[in-house]
Every structure is written in structure tokens, then in C-alpha cells.
Amino acid sequence: TGYELKAIFQPRLLNEAQRPSDFWLPMLGLFTGGRISELAQLDISDIQQCDGIWAISINSDGDKSLKTRASTRSIPIHTTLLECGFLEYVEDAKVHGTKLFPYLAPDVFGSYGGTPSARWGKYLDNLGIQDRQKVFHSFRSTSNDKLKQNSVPEETRCQFIGHEYDTINSAVYSRPHGLHYLME
């Protein structure tokens, strides 16, 4: 709900985040609809400027893994993230290695999302948001719904959040939308 989003994204609380991922992962989740495991495993090189648009490349290169083939995608970086200093954070992270969140390690299954997911749950508990349906993954629904309410076609929404769009026309006879289209 709008009330819960306002509680989650209180500037004072975000500024008190103990780790950069405590601040950036919720912001990235809200503005990209990305899965926590996709976002937590990002390499610095996945933040790219293509055709003048800053984007996040969600891919399975190196030690990264994805849920499905449709999960591979490029997502334009929302201007709010840019205004909040995301590119400056990316630049600062470079001195610590190749990962965007270098202190996160994969679990026994290779997922980088376990630790930030647990920390997210504690954050919500501290805010009094204890509905088991309200989890980090809820940002995917929020993002998809916001796009839908702004008349973004289903095919584009699927590409944006990494879902299959199973029509022959889309899957076989056409290419995905470009970053300029997605940015709009």
C-alpha cells in the first residue's frame, strides 16, 4: 500500500542504513521490479551506459544465475535512482572489487539474495510490517502494477520485469524493445 511504501522509504531510515545494500536494494527493487537475487549479485560492469541511457544488465555471466531465460534483460535506470546518487555509489564500489555489493557472498545454492532478504525481513519487522505477503518480492508486483496503471502494454511489462511473453510474434518474429522505448 502507499502507506507502507511511505514507511519503508522514509529518508531518515534509509540514511541510517548500515550497509549500502540496505539502502540500494530496496530502491532498485522498487524502480526495476528485479528479484533480490538478481540485484544482489550484480557486477559493477552490469551498470552500463548504452545509447546515452544508463541501464542495469541482468544476466548470468560469471558466477551469476537467473531464474529463467526471460530474466536476461537490460533495465533503464530510473532518474530517481540517478538523482539519489546511484552512479556515485557504483563509482565508489569499484575500489572494493568487481561486485556492486562486494560484502555479499553466495549461499550454498549460489544465490546472493539470502543475507539481504533476511535483513529486509528484519527491517520490515522493525517498521511493524509483519504481513507474510509483504516481502522484497512484493516490489515486483508494485512495479508491474505501476507500469500497468500507466498504460504500459503487457509485453513491455514482461520484458521490464523478466517474465516470459509467450506469443509467437514476440518470441520468434520480433526483438525486445530497446532502452529508449523502455525509458519512456
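Reader: How many disulfides does a search of the whole structure find?
Author: The search finds 0 disulfides. A disulfide is counted where a pair of cysteine sulfur atoms lies within 2.5 Å, and no such pair was found in the whole structure. In general, a disulfide is a covalent bond between the sulfur atoms of two cysteines. The present structure is a predicted model, in which local features need pLDDT of at least 70 and side-chain atom pairs count only at pLDDT 80 or more, while totals for chains, interfaces and linings use all residues. Residues are numbered from 1 along each chain as its sequence is written, and side-chain values use heavy atoms, with hydrogens and water left out.

Reader: What makes Cys50 count as buried, partly exposed or exposed?
Author: A residue is buried under 20% relative accessible area, exposed over 50% and partly exposed in between (1.4 Å probe, protein chains only). Cys50 has a relative accessible area of 27% and is therefore partly exposed. Cys84, at 38%, is therefore partly exposed as well.

Reader: Where in the protein chain is confidence lowest, and where is it highest?
Author: Confidence is expressed as pLDDT, the predictor's confidence in each residue, from 0 to 100. The lowest mean, 53, belongs to helix 10 (residues 168-172), and the highest, 97, to helix 6 (residues 86-93). Over the protein chain the mean pLDDT is 86, and 91% of the residues reach 70 or more.

Reader: How many helices and strands does the protein chain have?
Author: There are 11 helices and 3 strands. Helices (H or I, at least four residues) and strands (E, at least two) are DSSP runs, numbered from the N terminus. Along the sequence the pattern is α-α-α-α-β-β-β-α-α-α-α-α-α-α.

Reader: Why is the protein chain called as compact as a globular protein of that length?
Author: The radius of gyration is taken over C-alpha atoms, and the globule rule is 2.2 Å times the number of residues to the power 0.38. For 184 residues the rule gives 16 Å, and the radius of gyration of the protein chain is close to that, at 16 Å, so the description applies. Of these 184 residues, 40% count as buried.

Reader: What makes Glu4 and Lys134 a salt bridge?
Author: A salt bridge is a side-chain nitrogen of Lys or Arg within 4 Å of a carboxyl oxygen of Asp or Glu. The closest N and O atoms of Glu4 and Lys134 are 3.1 Å apart, and the pair is accordingly counted. Glu4 lies in helix 1 (residues 2-8) and Lys134 in the loop between helix 7 (114-127) and helix 8, and the pair links distant parts of the chain, 130 residues apart. Glu4, with a relative accessible area of 18%, is therefore buried, whereas Lys134, at 27%, counts as partly exposed. By this rule the count of salt bridges comes to 9.

Reader: How do you know that the side chains of Asp43 and Lys99 meet in a salt bridge?
Author: Their N to O distance is 2.9 Å, and the rule asks for 4 Å or less. Asp43 lies in the loop between helix 4 (36-40) and strand 1 (47-50), and Lys99 in the loop between helix 6 and helix 7, so the pair ties together parts that are 56 residues apart in sequence. Both Asp43 and Lys99 are buried.

Reader: Why is Ser21 called buried?
Author: The relative accessible area of Ser21 is 4%, so Ser21 is buried. This residue is found in helix 3 (residues 20-32). Contact means heavy atoms within 4.5 Å, and Ser21, neighbours within four places in sequence aside, is in contact with Pro26, Phe101, Tyr103 and Leu104.

Reader: What makes helix 9 (residues 154-161) mostly covered?
Author: Of its 8 residues, 6 are buried, namely Thr156, Arg157, Cys158, Gln159, Phe160 and Ile161. Leu147 is found in helix 8 (residues 138-149). Helix 9 is followed by Gly162, whose phi is positive, near 85°.
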